[in-house]
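Please find below a note for colleagues who are examining this structure. The points are numbered so that each can be read on its own.

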Amino acid sequence: MRLPWRPLSGADWAAVCVLSGGSALALLSLLPEGSPLHVPQFAVGLAGKYLAYAILAVAVDLVWGFAGILTLGHAAFFALGGYAMGMYLMREIGTRGVYGNPNLPDFMVFLSWDHLPWYWYGFSHLPFALLMALLAPGALAGCFGWLAFRSRVSGVYLSIITQALTYALMLAFFRNDMGFGGNNGLTDFKDVAGANLHQPGTRAALLALTALALAFCLLASRAILGSRFGALLVAVRDAESRTRFIGYRPEHIKLLVWVYSALIAGVGGAFYVIQVGIINPGEFAPGNSIEAVIWVAVGGRGTLWGPVLGALLVNLGKTLFTGLLPELWLYALGLLFILTTLFLPRGVAGLWRAAKPAGAAEVTPEMTSADHEAVP
Amino acid sequence: MTAPIGTPATPSSLLYLDAVSVTFDGFRALNKLSLVLAHGEMRAIIGPNGAGKTTMMDVITGKTRPDTGEVAFRGVDLTRMDEPAIARLGIGRKFQKPTVFEHLTVRTNLLLSLKGGRQAFAALFARLTSDEAGRIEAILARTRLAPHANRMAGALSHGQKQWLEIGMLLGQDPELLLVDEPVAGMTDAETMQTADLLRDINRTHSVVVVEHDMAFVRALGVRVTVLHEGSVLAEGSVEQVSANPRVVEVYLGR
Amino acid sequence: MGKEGRCSFLKKRTKKLLFLRSRAVARVSDRRRGALLFFKKEVLALLFLLFISPCHAEDPALAGLRAPDYDSVAATVTDLAAHRHPRARAIITALRDGTLYAPDEGPGLYILGPAGTTDAATGAPVSGLDPDSLSKVQQNNRVRIAVAGALALLDLSAPDAATRREAAEAMVAHPDSGLLPALTTALAQETDPPAHAAMVLARAAALLSSGASGQSQQAQLDAVAALRGEGNQQARAILLGIPNPPPAVRDAARSAIAAIDLQLRLWSVGQGVFYGASLGSVLLIAALGLAITFGVMGVINMAHGELMMIGAYVTWLVQGATTAAWPGQAGLGLALSVPAAFLACGALGIAIERGLIRFLYGRPLETLLATWGLSLVLQQAVRSLFGPTNVSVITPAFMSGAVKLGGIEITLNRLVIIVFAAVVMLALTALLRLTPLGLQMRAVTQNRRMAALMGIRTPRVDALTFGLGSGVAGLAGVAISQIDNVSPNLGQGYIIDSFMVVVFGGVGNLWGTLAGALSLGIANKILEPLAGAVLAKIIVLVLIILFIQRRPRGLFPLRGRAVES
């Protein structure tokens, strides 16, 4: 008997939908403005932002849904990736800033700094910036995770500590002498890799690239979760101490997925900043991390397509609400948290699963998808 | 970490506990407990609630650090090692409450337990080898779980979970198996099957079984250690210890 | 610009002129020529002023004021004050204010006040004078300094102790050895301790000032010792600026400065400890409620901060109602708001537990998310009801102001909050130790199932526990309303810190919360002067993250087998 529903195929579908949807929007936006199918610029910007958020949601789900670590600080990795990209975009401004200084970004001239801090070296090169958008969140996640998992901090303690982490970073980035633009952050970007950021063509390409990145994250994560490592992850989530007595080190397993998740979040942040056009310390705010968690909760944790759906739905709702009934948005978001946890603990994906025939529970790595047909 | 200790452990002793004490908030869970297990031996540990049976298992597997005393396995000091290190050294443990990975299939449960690589990163690229598949099939057959191989472990009955856990121990192939109340919640028939299975396992492994069920212990037919208030009260065959008046007093109350 | 400001400005200007001149004379270059010309102009103006001054003399005590040279004017001013001339204050004040006039011809001095012209020597009104025949008595810097010193000297014998003290303090800022005899006399008669202390300082400063080089070395050493005993920033500045001290005095001054530095540093640590204890006590009340709900029920309540915020709004409402009924009774309103906030927030807490949290037991992470959602709703509700801006809660008179304890300034509102926190802490401890509810709560904490089997209605205990924790959050809100802005965002500012307290202190018992709150508060405030407020906060957060490595469950963890699972 074949299983009626192969759990991870949802990720493939999500990847296909994201890629085709994103590219379609991008292409349609290039149609002449009078055309009935023309997609306006603001919609392209919004779609790009949502997809970047969806990347963050996948990152959160990887650690929460699959490893049982409720992170309340993933926006930190997202923002770090964003800052790395923002630094490159700042350098790309060159002499077109308000002060026209060829060596220093505007805010440094404003603070009367006379030379570029060492950690800004190299950011005039896009590949270096992209590498840092991965390395910076990865390194932070590595240090933090190594410390936290080694000492077996878990559950709500870990959640609170992750929140403290992003809070501390927020305070740090607010400081002018950190050299990241303080309160105002990095903004006023002109172009990326020589292409004008305000050209419809550039924006369409960026949207398509973001969709591609998300699709890639989905497929890579699906491969990882489908491997023996994925099975170990579920094992650690469900019975951590048991894995220890078999001889595994859960801290290594968690650390690996934690760092991987941070890398993905960093990618999301990079794509976010390039399309939104600003990054400031507010992105580190603890509330942002928790909001990312609710996207995952709404969409359905423990599946890869759920978070993507959740991020799109919640953010679409947020855009509509804040446009039409701004004072009601926080009520709506708050109720969404409450109602989801009370009545929809498995999210939309859970509804979908409940509608399907029984027998196909949860994630199923390696063995199930390896088609053993021995069930009587 | 693995420095041998110069203790009078006999060459034939596999597990060696000497004067081990553990205190929780003033409560003495183990009180100068000493125990020696020979290579290839199967030992049954009995004792009333709170006698320190589970704490003893915790100390051996590294979950609890003893306040004082020596714990050695093949001459290697266990008191400074953590759980994964001890498990890799060759000590497997089955818990009182069956803990299997409920959201994985029976087959995947067994796969994860198989002796071999334990590196997280390597698991990313691990492929199912024919050797592994063969070992899994063998364990499935031995634990009578073959019909359920592709079911989620969480969907198994209580007895089946106990057997899966024993199967995982087999997959781990440790030199020493610590088995905590393996027949709790089993039917009589299942209990006797389990006793057979353990005797079978004992042909190639050393085993420590903690159990309340005297019929089961009798069926095992091995040397019995009686724990009481954290130390050894009596040791000998089932007949010897059940004739011991102190044991009777402890079990039946004063 | 105040009197002193003006004086110092003029002094600086004179110094600068002299400096410019010396430079100009040294090397008259083209670049300097402009400055030199400017200097010449000013000197000419001064000389011109000197020559037009009248030169009559009839009252020997006052005649000097009409002398053609400023030195004589200054000396006369000082003499008038030193000899307690009956009209000294009026005349010198008039000179300072530019209302002292002398006739162009003949003797006499007149004060041109708004009420009319008076004779300076007698104070009697005069009339029939031609204002055009009078010229103002002019001042230069020397005169101004002499005037300030003379007025201070007069103040030294004023009947009001505060005036005497202020006069002495002015002399510390501008020491003048010429005032030494007067200071010594005044010091001998002084009975008011603060005034006496200020005069000791002033005398020491005068003894060590530039004009006092004729003083015996012993007198200077005594002055250094006096300053050392005073041990404040001002004394340190005087010691630092002794001109050309003999070696013995210099060494004594150096060791005195070192001693003062040590003392000042200790005081600043003491001040840091007080601020830290005050911050810690706020954190303590905020975290106590969390510790109760988390410790007993394992529930992380992210809406705890919002309960505190509501407690602060209750304070505002109650105070508004009481001041409307009994105006001016801000203290009464505050006192009434303590039980009101406790009951309101407690009731709200019970409602939250019954309506939301009880459905989520055993799922701590989901509880965290749901309560976060609740916090958003509560925040927005308060914003809709009372507006997004700060509301002002009045601080009653008995809580405003500060007292000085040695070098530590103790602000009364913070002191009251420390006491309040201690009372809340003790009351909670007593409640947990001595009441049946406390016993039941402890039983449920240690072994929920066993407690249930023994007939404890665990749902009721849960609801009451949550209510208690929420009520304490309300109390925290009352306290915070006295030191912080009351706005819908109030809770957000405290929630992370109070969680840190709980994580750091552990939930084994309330003493852990106390230890956590105080160490966090004090660590923050001690680091603040060294690293700045934001960096201090970051350092503390990082330290906690590292601390958790050693003690994953805080200083005082819950222990026992039940916790393991």
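Predicted model: local features only at pLDDT ≥ 70, side-chain atom pairs only at ≥ 80, totals over all residues.

1. Interface of chains A and C. Contact between these two chains involves 42 residues from chain A and 39 residues from chain C. Together the two chains bury about 3,700 Å², and carbon and sulfur atoms account for 79% of that area. On the chain A side, the residues that lose the most area to chain C are A:Y157, A:I160 and A:Y331, which together supply 19% of what that side buries.

2. Interface of chains B and A. Here 38 residues of chain B are in contact with 36 residues of chain A. The buried area is about 3,500 Å² between the two chains, with 64% of it on carbon and sulfur atoms.

3. Make-up of chain C. Chain C contains 23 helices and six strands. Of its 565 residues, 44% are buried. If contacts in chain C between residues at least 6 apart in sequence are considered, 68% of them join residues at least 24 apart.

4. A residue within chain C. C:T76 belongs to helix α4 (residues 70–82) of chain C. Is this residue buried or exposed? Its relative accessible area is 10%, and C:T76 is therefore buried, the cut-off being under 20%. Apart from neighbours within four places in sequence, C:T76 is in contact with C:A61, C:G64 and C:L65.

5. A helix pair in chain A. How do helix α11 (residues 286–299) and helix α14 (residues 347–355) of chain A cross? Their axes come within 2 Å and cross at roughly 10°. Angles under 35 degrees count as roughly parallel, so α11(A) and α14(A) are roughly parallel to each other. The contact is formed by A:A297, A:V298 and A:G299 from α11(A), and by A:G347, A:V348 and A:A349 from α14(A). Four of the residues in this contact are nonpolar and two are polar, while none is charged.

6. Helix α6 of chain B. This helix covers residues 158–172 of chain B, 15 residues in all. At 1.5 Å a residue, helix α6 of chain B should span 21 Å, and because its end C-alpha atoms are 21 Å apart, the model agrees with that expectation. The helix is mostly covered, with 14 of its 15 residues buried. Just after α6(B), B:D173 adopts a positive phi of about 50°.

7. Positive phi at A:R152. This residue is not a glycine, yet its phi is positive, at about 60°. A:R152 is placed in the loop between α5 (126–150) and α6 (155–174) of chain A. With a relative accessible area of 36%, A:R152 is partly exposed.

8. Positive phi at A:A193. Where does A:A193 lie in chain A? A:A193 is found in the loop between β2 (191–192) and β3 (195–196) of that chain. Phi of A:A193 is near 50°, a positive value in a residue other than glycine. The relative accessible area of A:A193 is 57%; the residue is therefore exposed, as the cut-off for that class is over 50%.

Methods
Residues numbered from 1 in each chain as written. Chains lettered and ligands numbered in written order. Heavy atoms only, no water. Axes fitted to C-alpha atoms, helices over the stretch in contact; angles between N-to-C directions. Helix = DSSP H or I, 4+ residues; strand = E, 2+ residues; numbered from the N terminus. Parallel < 35°, antiparallel > 145°, perpendicular 65-115°, else oblique. Contact = heavy atoms within 4.5 Å. Nonpolar A, V, L, I, M, F, W, Y, C, P; charged D, E, K, R; others polar. Expected span 1.5 Å × (residues − 1). Buried < 20%, exposed > 50% of the residue type's maximum accessible area, 1.4 Å probe, protein only. Buried area = accessible area lost by both parts, 1.4 Å probe.
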